[in-house]
Amino acid sequence: MSNAPQVLFVTSNRIGDCVISSGVIREITRQVPGAEITVACGRPPAPFFRSAPGVVRTIALDKKKLAGHWMDLWKQVVGTRWDLVIDIRGSALSYLVAAKRRIVYNRSWETGLRKVEMVSRLMGSDTPLDPEIWLDEQARAEAGAVIDPQLSAGSGPGPIIALAPIAHQPGKSWPADRWGALVERLKAEPRFEGWRFMPVGGPGDRPPATPALQAAGERGIDFVGKGDILASAAAIDRADLFVGNDSGLMHVSAALGGPTLGLFGPTEWWLYGPWGPKTRTVASNEARGQFAPIEDLSVDHVFQAVLALHDDFIR
């Protein structure tokens, strides 16, 4: 076994939460120089960590009945004496393995801070630990293999607006037909003359993306179900603007530093909004602490927010 310090980082099974807490990786390398980091997370976000600094192993957890996935993880990590265990899921596992030091989340940390700030304080950082996406050449090549032929076809090359019409929690998805109507409005808008429209999502996101793709016509680029989450991140990195539901892909875009607009319904945009200087939110109810169904968010409201995002960041 290596003599390097061993760190176990137990993070989320959700893409968005993994992105929000991704700054922990850099902080581990700062606090524990030379650490070999093992990450335990859900299978969908696992590709994020294959090029992350200091990460030598990623354990992808598939949820099982009766918490069987935790037993599977315990079997894989119990044989190591960890220098540091960080568990943002607050699981009992963190106390069932040998560790010199533990940082374990519990609900007392939920004090109304933005989630990035909360995780940063959990790690003892006085400054926010900015989320980060570690793109590698594999992800860029996979994205290019899908995007480049479509850019060359249809209406030809042009700036790209990425669209994420799906969120995997009930009530967070803006209706699919409105995404189609939004694309129609943007196609007719002079600011977006020559732009290409690229829906992005996983294999199960095809139905919500269909209206947007149909509206885009020859100006569409289809990146729905075309690669894993890191390939999707590389595709989003090719875009000039991003518009999406409150979802993991929204957090990916923000972490990549691109201009990002997040659509919110009955969720806490003031806690879970995209993090970064080029981010904006639009909500069905924009009074903090008050909620409305995402269906109350009109096409015109979102259209105006997209124009504002364009005018703020596209020159």
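**Reading a predicted fold, one feature at a time**

Q: Let's start with a single side chain: is His-69 buried or exposed?
A: His-69 is buried, because its relative accessible area is 7%, and buried means under 20%. Keep in mind that we are reading a predicted model.

Q: Where is His-69 found, and which residues does His-69 touch beyond those up to four places away in sequence?
A: His-69 belongs to helix α3, residues 68-77. Leaving out residues up to four places away in sequence, the contacts of His-69 are Leu-61, Asp-62, Lys-63 and Lys-64.

Q: How should I read a residue in between, and what is the relative accessible area of Ala-308?
A: Partly exposed covers the range between buried, under 20%, and exposed, over 50%. Ala-308 has a relative accessible area of 37%, so it counts as partly exposed. This residue sits in helix α11, residues 299-313. For a sense of scale, Ala-308 and Tyr-95 are 213 residues apart in sequence, and their C-alpha atoms are 49 Å apart in space.

Q: Where does Lys-226 lie, and which residues is Lys-226 in contact with, leaving aside neighbours within four places in sequence?
A: Look in the loop between β8 and α8 for Lys-226. With a relative accessibility of 39%, Lys-226 is partly exposed too. Once neighbours within four places in sequence are set aside, Lys-226 is in contact with Val-146 and Arg-206. From Lys-226 to Arg-315 there are 89 residues in sequence and 30 Å in space, C-alpha to C-alpha.

Q: Now to strands. How many residues of β6 are buried?
A: Five of the five residues of strand β6, residues 160-164, are buried, so the strand is largely enclosed by the rest of the structure.

Q: Which way do the side chains of β6 point?
A: The general idea is that side chains in a regular strand alternate between the two faces of the sheet. In β6, Ile-160, Ala-162 and Ala-164 point one way, while Ile-161 and Leu-163 point the other way. All of these residues are buried.

Q: How many bridges join β6 to β7, and how many join β6 to β9?
A: Four bridges link β6 to strand β7, residues 196-201, and the two run parallel. Here Ala-162 stands opposite Met-198 in β7. Four bridges also link β6 to strand β9, residues 241-245, again in parallel. On that side Leu-163 stands opposite Val-243 in β9.

Q: What do β6, helix α6 and β7 make?
A: Together, β6, helix α6 (residues 176-187) and β7 form a right-handed β-α-β unit.

Q: In what order do the six strands form the open sheet?
A: The order is β8-β7-β6-β9-β10-β11, with parallel pairing. At the edges are β8 (223-224) and β11 (279-283), each of which pairs on one side only.

Q: On to side-chain packing. Which members of the largest nonpolar core touch the most other members?
A: Ile-86 and Met-198 do, out of 60 residues in this core. Helix α8, residues 229-237, gives the core its largest share, seven residues. Beyond residues up to four places away in sequence, Ile-86 touches Val-7, Leu-8, Phe-9, Val-10, Val-24, Ile-28, Ile-103 and Met-123.

Q: What about open space: which residues lie nearest the centre of the largest pocket?
A: Ser-12, Arg-14, Ile-15, Gly-16 and Asp-17 lie nearest its centre, among 43 lining residues. The elements giving two or more residues to this lining are α1 (15-20), α4 (115-122), α8 and α9 (248-256). The volume of the largest pocket is about 1,300 Å³.

Q: How many cavities of 30 Å³ or more does the structure hold?
A: The structure holds one, and about 70 Å³ of space lies in the largest cavity. Of the 14 residues lining the largest cavity, Ile-20, Val-116, His-251, Gly-273 and Trp-275 are the closest to its centre. Two or more lining residues come from each of α1, α4, α9 and α10 (269-272). The largest share, three residues, is from α9.

Methods:
Residues numbered from 1 in each chain as written. Predicted model: local features only at pLDDT ≥ 70, side-chain atom pairs only at ≥ 80, totals over all residues. Heavy atoms only, no water. Core = buried A, V, L, I, M, F, W, Y, C linked by side-chain atoms within 4.5 Å. Buried < 20%, exposed > 50% of the residue type's maximum accessible area, 1.4 Å probe, protein only. Contact = heavy atoms within 4.5 Å. Pairing = 2+ DSSP bridges. Right-handed = clockwise from strand over helix to strand, strands pointing away. 1 Å grid on protein atoms, 1.4 Å probe; cavity = no way out; pocket = protein on both sides within 12 Å on 5 of 7 lines; lining within 4 Å. Points joined across faces, edges and corners; volume = space filled by probe spheres on them.
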